[in-house]
Structure formats: C-alpha cells, structure tokens
Amino acid sequence: MDMLREKTREVRIGDVLIGGGHSVAIQSMTNTKTEDVEATVAQILRLEAAGCEIIRCAVPAMDAAYALKEIKRQIHIPLVADIHFDYRLAIAAIENGADKIRINPGNIGSRERLQAVVEKAKEYLVPIRVGVNSGSLEKPLLEKYGGVTAEGIVESALDKVRMIEEMGYDNLVVSIKSSDVMMCVKAHELIASRCPYPLHVGITEAGTVYAGNVKSSVGLGIILHEGIGNTIRVSLTGDPLEEIKTAKLILKTLGLRRGGIEVVSCPTCGRTQIDLIGLANQVENMVADIPLDIKVAVMGCVVNGPGEAKEADIGIAGGIGEGLLIRKGEIVKKVKEEELLETLRQELLNWKR
Ligand code: SF4
C-alpha cells in the first residue's frame, strides 16, 4: 500500500488540517433541522465539548444554506455543508461560510453545474469532499461489475475525482461508503493506493447505537489499522454524542490518540459482591472530564480484584460493606463501600502528573 494516511495531501478545513502527518480527525453530523439555528448550534456545542473536531450539516434547501452563516458565527469547529442534487445549494453554502462542501458529483447535475460549484470552491478556497455511497452507484458500473462491488465504488469515486481535477481543482477529500463492512474495507484498500487525497472514512447506515458501534468499530478499526483514513465518522441512528464517544474510543484503542482516563472493569463472576455494572458506569461518567492519561480499574471483589487490576494505574474493588483502593495492584487502603467512589475521585484529583 503506497498511499497511507501520512502520505496523503494536506487539506485545510477551516482551522483544521487533515491529511499528511496530521492526526485522524473526528467528525459528526447534526440531526437537527439546519435552518433551526438555535437547535443546531446547541447540538454542535455539545458535540464540540465531547471532542468533535469537524461538524457537517445537511443543506437540503436554501434556508439551510443561509443559516450556515449564523451557525458558523456561534461555533468553534469547521462547518461542512452536505449537499445533494442542487448545485445552487452548494454555491450558496460556500458563499455563506461553509469550510468544506460534501457533494456527490454524480447527482449534482450537468458538467456545467458541477463546474460552477468548482469555480465557487476555487474562489473561496473551500475543499470539496467527493462522496460516493454504494447505494448511488451508476448503472454502467453495476453492469460492469455485476452489482455493487468494492471495485465499482472505487471506480465511481475516481471518475468523479478526475472530473474535478480536469476542471483545475485538486483541493479534495474523498469518501467511499458502504453499509457492508467488509466491502467497505476492501474499497478503502483499493482506493488508498490510487488516490493522493485524504480519505474520510465511515461505515454508512451502520444502524442503531449497538449495531452501529460494533460495525463501525470493526470496519474503522481494520481500515485505520492498515494506515488508511484521515478523518472518521461513526454513523449511528441515535444521539450524535454517542458517535463522538465511540470515535474517540476507536482511535484510543488503536493507539492513534492519547489522553483521557481509560476505565477498565472486570466482567463480573460468581464472586462479584457489589453492583459492579452500576459502579463502572458511575466511574466512567465521573472521570469523563478529568484530564489525566491513566488507566482506572473497577473490580467486583476484594479477593481477586487487586491482582487483576495490576495493569491499571489505580483501581477500586468492591466488597460487602467495604472496598479497596488499589494502586498498580497493591492495596492502598480500605474504605467503607459508600465512600469508594468519592475516595477514587479524590485520588484522581490529587494525581501527580
Ligand atoms: S475481579 Fe473478582 S468479581 Fe471480578 S471477575 Fe475477577 S474474581 Fe470475579
């Protein structure tokens, strides 16, 4: 593979640089009505606080394109406009401050219309994401490859890229999506060696929070681990805040991000003496805002807990009526069960960095 993420071109989206040696950026998409500025801004600010680095809004009509200007004024991360079918919306989105537009050149209209969008992007130095989904594959490619295939998706995307290149523009990002996870993986492997542009990676229509998390983790996990992908989005049918949490965890698990407390907890067994599921969730919520880069273990019994928590920097193990505070597998002190959470919190707040 000769087009790994660090070898792709650098592209600027507002204040965020992607591609080249830049870290993989986390994206999400709002699910409010874009023209409802108040609701959209409120959602974006929540997503920003959770770690979203680039946000995309659907622009299905002119009032949504006009709303971008005010939305952008109130947020702090780059704003991407998602446009289908109507080239005038893409032009209006750029004029109203979009930091990037996402289009499928295949459905934006004639060559002249695409050219008009490209000229506007040139004028404002706005990158274009060429997005192709397995669901929108052109008939000739479906016939050529006998249905939807990774090869067909890649050929479709590269055709579109070439069209824009021929119009004299190469400020591009590419995305190819499929809800078939392994087809998506294959398509990324194919395109990575044939395309110099940063790739935005996501598993489309991944499903509800549970199914979507699993599919995205497997798909994005493989693709990112192969060194492919410059920005990611976890697509979930649910609160976009969940997308950010999952994206961050995927990047951290792969060693592509650092920072934040990692909570590990035992799977529970017949020796479990406390409500460990409740406790682990409480700990996870409690540590979300503590800016440490350490591992915290939450264990279900005082007998094996300390030993099993050896690899964590700090841990707690719950027993009946009492619990233990553990550091690197060593028992530091015994506290009352009801004081366990607060004891851990104090330890973390006093943690020497
Ligand atoms: S730490 Fe204790 S409760 Fe948890 S799995 Fe191990 S033995 Fe069971």
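The paragraphs below go through this predicted model, from the whole chain down to single residues.

The chain has 353 residues, and 52% of them count as buried. Its secondary structure comes to twelve helices and 15 strands. Along the principal axes, the C-alpha trace spans about 75 × 45 × 30 Å. Contacts can also be sorted by how far apart the partners sit in sequence. Among contacts between residues at least 6 apart, 62% join residues at least 24 apart.

Charge comes next. Side chains of opposite charge can pair when their charged atoms come close. In this model the count comes to 23 salt bridges.

One of these salt bridges joins the side chains of Lys-120 and Glu-95, with 3.0 Å from N to O. Lys-120 is in helix H4 (residues 111-124) and Glu-95 in helix H3 (residues 87-95), so the pair links distant parts of the chain, 25 residues apart. Lys-120 counts as buried because its relative accessibility is 15%, under the 20% limit. Glu-95, at 37%, counts as partly exposed.

Helix H4 also holds Arg-111. The side chain of Arg-111 meets that of Glu-166 in a salt bridge of 3.2 Å, N to O. Glu-166 lies in helix H6 (residues 150-166), so this pair ties together parts that are 55 residues apart in sequence. Glu-166 counts as exposed at 57% relative accessibility, while Arg-111 counts as partly exposed at 41%.

Loops take part as well. Asp-313 forms a salt bridge with Lys-328, and their closest N and O atoms are 3.1 Å apart. Asp-313 lies in the loop between helix H11 (305-308) and strand S13 (314-318), and Lys-328 in the loop between strands S14 (322-327) and S15 (330-336), so the pair ties together parts 15 residues apart in sequence. Asp-313 is buried, with a relative accessible area of 17%, whereas Lys-328 is partly exposed at 48%. Elsewhere, Arg-56, Asp-82 and Arg-102 are linked in a network of salt bridges.

What is the nearest side chain of opposite charge to Glu-48, which is buried yet has no salt bridge? It is Lys-72, 11 Å away. A salt bridge needs the nitrogen and oxygen within 4 Å, so Lys-72 does not qualify as a partner. Glu-48 lies in helix H1. Leaving aside neighbours within four places in sequence, Glu-48 is in contact with Ile-75, His-76 and Ile-77.

The surface has patches too. Glu-35, Asp-36, Glu-38 and Asp-63 gather in a patch of negative charge. Asp-36 lies in the loop between strand S3 (25-29) and helix H1 (37-50), and is partly exposed, with a relative accessible area of 37%. A nonpolar patch is formed by Tyr-210, Val-214 and Val-218, which together have about 330 Å² of accessible area. Val-218 is found in helix H8 (residues 209-225) and is partly exposed, at 41%.

Finally, Gly-270 is in the loop between strand S11 (262-265) and helix H10 (276-287). Gly-270 counts as exposed because its relative accessibility is 85%, over the 50% limit. The C-alpha atoms of Gly-270 and Gly-300 are separated by 9.7 Å, although the two residues are 30 apart along the chain.

Conventions: Residues are numbered from 1 along each chain as its sequence is written. This is a predicted model: local features need pLDDT of at least 70, side-chain atom pairs count only at pLDDT 80 or more; totals for chains, interfaces and linings use all residues. Side-chain values use heavy atoms; hydrogens and water are left out. Patches are made of residues with over 30% relative accessible area and no salt bridge: like charges are joined within 9 Å, nonpolar side chains (Val, Leu, Ile, Met, Phe, Trp, Tyr) within 5 Å. Accessible areas come from the Shrake-Rupley method with a 1.4 Å probe; for residues, only the protein chains shown count as cover. Helices (H or I, at least four residues) and strands (E, at least two) are DSSP runs, numbered from the N terminus. Buried means under 20% relative accessible area, exposed over 50%, partly exposed in between (1.4 Å probe, protein chains only). Lys and Arg count as positive and Asp and Glu as negative; His and the chain ends are not counted. The place of a charge is taken as NZ of Lys, CZ of Arg, CG of Asp or CD of Glu. Contact means heavy atoms within 4.5 Å.
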